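Dear colleague,

I am passing on the structure that we spoke about, with the sequence alongside. Please look at the two together before reading my notes below.

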Amino acid sequence: MSQANEAVKKPEFTGLRAILWPIHNYEIKKFLPMGLMMFCILFNYTVLRDTKDALIVNAPGSGAEALAFIKLFGTTPAAILFMIAYAKMSNVLSRQGLFYAALIPFLVFFGAFALFIYPNRETFHMTEAAIAAMKADYPNIAWFVPVIGNWSYSLFYVLSELWGSAVISLLFWQFANEITRVAEAKRFYGMFGLIGNFGLILSGSVVYLFSKNRGNLPEGVDPWGWTLNYLMAFVVISGLIVVAIYAWMNKAVLTDKRYYDGEAASTGGKKKDKPKLSLTESFMYLVRSPYLGMIAMIVLAYGVSINIVEGVWKGQIKIAFHGDNNAYNAFMGQFSATTGVITVLLMIVGNNILRRFSWLSAAMITPIMILITSLIFFGVIMYSESIGNPEFAVAGTTMVMVAVMTGFIQNVLSKATKYSLFDPTKEMAYIPLDQELKVKGKAAVDVIGGRAGKSGGATIQAVLLSVFAGQTLASLSHILAIITIIVVGLWLASVLSLSKRFRALTEQREAEAKAKI
């Protein structure tokens, strides 16, 4: 047995080393590049997440209510198309070629948006008067009109949403699951998030810095356009760094069997030859797999629950900052930086929960956190609605700012537990699966399941807004709170079921590996 394998099995991590850096020295060459990839990907994710919301919520004739329609009619169809293209490309491209083909088009669009599309927006978009007239003519779909009228903003929003599901959930984690052993994952995955979430801190600070209203800009310069140019430049540069790291790892790291053995990856023995499945066959594979069904359910439940709360919260932010793009984005930058700091702290705790406690214990924390904080937030919104005046003075501030800050805390804690515990536990659940389920099963679960979660929340909001024409999401909080309770209840039940299956499958894989030694 090699010295490296012996080192992996020795419980030599003690004290602060066990808490802060449970990585063997010989593993640094593999671990650090992956951590830097996560850093850059999350940096872009945060910049895009904050910017897309500012664009849509403050667009002419738009508001937070438009987010539900764009997620339902834009993001979900785009996710399906991406998954179809990805599945087709996976049959004809190499692993490296597939990674580049899926990632680089995002960078091309975001660069083009800042340099060409946004400066010519008045040529591409409907006028604000035309949007207002159509909203008056079609009140039941009034919030869908600005989605079409400001179509380039909507496209930016859709691709920014896909960055999270396609690049983080699919490309990065599929690569990590392919080259990481179960024993490594228990130490690596929480640490990937720990390093990666420093990207949230940096990106939040960058968004805040460049989104502050620039009173010293030359006359005639659009402050928001100036902000977009710099933010998209950072996105493109960060994305190219990810491409470069991936190429280097395939050339200098994965050729060393200490770090990756393609023949024995994930199964402890020679990889079985399995025919590649068509898209239809892949879906049937998922339908016949209760294990993947449970993973899909927790991904869907997270998307529905967090989307319902975020829609109401972003409406309050627009009211508080009076539709100012830069002010809105600066606030979201502060939110992202705070989320990063709290997440880093929870990553340290979460990494040790993953190592010291059961998978079930770690997986239960996120839904419980979201349930408690969501109910508090909806309580504040319902009280604010009962007063009927968002500028009502309370405790030295206004009621709308109380709602904004309550939602701020809710979202920070929910996302911090998501990054520190939900993502690592979900990704660990894929490790015992065979290669076919990892590649196409994960694509279907993460891209479609993730988008179905958000579109599920969007569908709920869109239906309510269409049925109760003229209402806002805040005025429907009493209904949304009940729906959130039901969704999180289903989430908790799925976690319990998946835990039993994960434990049994992991034990089966370990027994198979020992039998082949």
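Which residue forms a salt bridge with Lys-426? The partner is Glu-427, and the closest N and O atoms of the pair are 2.5 Å apart, where a salt bridge is a side-chain nitrogen of Lys or Arg within 4 Å of a carboxyl oxygen of Asp or Glu. Both Lys-426 and Glu-427 are buried, a word I use for a relative accessible area under 20%, with exposed meaning over 50% and partly exposed in between (1.4 Å probe, protein chains only).

Before going further, please note that this is a predicted model, in which local features need pLDDT of at least 70 and side-chain atom pairs count only at pLDDT 80 or more, while totals for chains, interfaces and linings use all residues. Residues are numbered from 1 along each chain as its sequence is written, and side-chain values use heavy atoms, with hydrogens and water left out.

Overall picture

The protein chain has 19 helices and 2 strands, these being DSSP runs numbered from the N terminus (helices H or I of at least four residues, strands E of at least two). Of its 517 residues, 57% are buried. Taking contact to mean heavy atoms within 4.5 Å, 83% of the contacts between residues at least 6 apart in sequence join residues at least 24 apart.

Salt bridges

The count of salt bridges comes to 9. One of them pairs Glu-310 with Lys-415, whose closest N and O atoms are 2.7 Å apart; this pair links distant parts of the chain, since Glu-310 lies in helix H14 (residues 290-321) and Lys-415 in helix H17 (residues 399-430), 105 residues apart. Both Glu-310 and Lys-415 are buried. Asp-423 forms another salt bridge, with Lys-418, at 3.2 Å between the closest N and O atoms; Asp-423 counts as buried because its relative accessible area is 11%, and Lys-418 counts as buried because its relative accessibility is 15%. Through shared partners, salt bridges also join Lys-52, Asp-53, Glu-161, Glu-310, Lys-314 and Lys-415 into one network.

Not counting residues up to four places away in sequence, Phe-110 touches Leu-48, Phe-156, Leu-159, Ser-160, Trp-163, Met-232 and Val-235.

Helix H5 (residues 95-117) has 23 residues and reaches 32 Å from its first C-alpha to its last, close to the 33 Å expected, the expected span being 1.5 Å times one less than the number of residues. The buried residues of H5 include Phe-106, Phe-109, Phe-110 and Phe-113, and what covers the buried residues of H5 includes helix H3 (28-57), helix H4 (66-92), helix H6 (121-124), H9 and H12. Phe-113, which has its place in H5, counts as buried because its relative accessibility is 0%. Leaving aside neighbours within four places in sequence, Phe-113 is in contact with Leu-55, Tyr-118, Pro-119, Ser-152, Tyr-153, Phe-156 and Leu-228; the C-alpha atoms of Phe-113 and Tyr-153, 40 residues apart along the chain, are separated by 9.1 Å.

H3 is itself mostly covered, with 25 of its 30 residues buried.

Asn-250

Asn-250 sits in helix H12 (residues 223-252) and is buried, with a relative accessible area of 10%. Apart from neighbours within four places in sequence, Asn-250 is in contact with Arg-95, Gln-96, Phe-175 and Thr-255.

Cavities

On a 1 Å grid over the protein atoms alone, a cavity is a set of points where a 1.4 Å probe fits but cannot get out, and lining residues have an atom within 4 Å of a point; grid points are joined across faces, edges and corners, and a volume is the space filled by probe spheres set on the points. The structure holds 4 cavities of 30 Å³ or more, and the largest cavity has a volume of about 490 Å³. Of the 34 residues that line the largest cavity, the closest to its centre are Tyr-45, Gly-164, Ser-169, Tyr-302 and Lys-418. H17 gives the most to this lining, with 8 residues.

With best wishes

How values were computed:
1 Å grid on protein atoms, 1.4 Å probe; cavity = no way out; pocket = protein on both sides within 12 Å on 5 of 7 lines; lining within 4 Å.
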